[in-house]
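Me: I would like to learn how to read a pocket and a helix pair. Please take one example and go through both.

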Amino acid sequence: MTPEQLEAIHEAAFTQTRPWSASEFSSFLESPLCFLVTNDESFALGRVIGPEAELLTLAVHPMTQGKGLGRICLEQFESAAQIRGAEESFLEVAADNTPAISLYKTNGYTQISHRKNYYETTDGTRRDALIFRKSLIF
């Protein structure tokens with residue numbers, strides 16, 4: 001997917017918080033630490049630094065949500081991270097993003113922290129973030 005395609009999916013999926021721009025995606029993709037996994041109308045962008053992977057963002061176009069694409073992207077992200085040497089994975093998610101939290105918990109992630117007022121929303125308010133972790137060593 002091109003940065004413009006990533007931007008379009010991210011913008012459609014992230015209506016409450018600021019979506020990322022094509023130039024932001026381009027910057028991440030230029031880094032040798034970052035990687036992208038895609039399928040149909042969804043993607044996961046991550047990076048690996050040493051033994052730690054970070055899921056930077058995962059987006060599923062609203063027209064295709066509920067079909068398991070988020071789970072597939074998450075599994076592909078974890079596999080790609082393991083290949084790059086990651087032993088554990090971290091991510092952050094808006095505390096009120098119930099579908100995403102359910103996806104992460106169902107796939108073995110455990111909440112380890114809470115960041116107050118972390119995300120700025122499109123209406124100017126702030127939302128808390130939850131930090132999750134999962135071991136990638138099985």
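This is a predicted model: local features need pLDDT of at least 70, side-chain atom pairs count only at pLDDT 80 or more; totals for chains, interfaces and linings use all residues.

Me: What volume does the largest pocket have?

Reply: A pocket is an open set of points on a 1 Å grid over the protein atoms alone, where a 1.4 Å probe fits, with protein on both sides within 12 Å along at least five of seven lines; lining residues have an atom within 4 Å of a point. Here the volume of the largest pocket is about 1100 Å³. Its lining has 39 residues, and F14, T57, L58, N97 and A100 are the closest to its centre.

Me: Which element gives the largest share of that lining?

Reply: Strands are DSSP runs of E, at least two residues; helices are runs of H or I, at least four. The largest share, 7 residues, comes from β3.

Me: At what angle do α1 and α2 pack?

Reply: Axes are lines fitted to C-alpha atoms over the stretch in contact, and angles run from 0 to 180 degrees between N-to-C directions. For α1 and α2 the angle is about 120°, with the axes 8 Å apart. That makes α1 oblique to α2, as angles under 35 degrees count as roughly parallel, over 145 as roughly antiparallel, 65 to 115 as roughly perpendicular and the rest as oblique. The contact (heavy atoms within 4.5 Å) involves P3, E4, L6, E7 and H10 of α1 with A22, F25, S26 and L29 of α2.

Terms used: Residues are numbered from 1 along each chain as its sequence is written. Side-chain values use heavy atoms; hydrogens and water are left out. Grid points are joined across faces, edges and corners, and a volume is the space filled by probe spheres set on the points.
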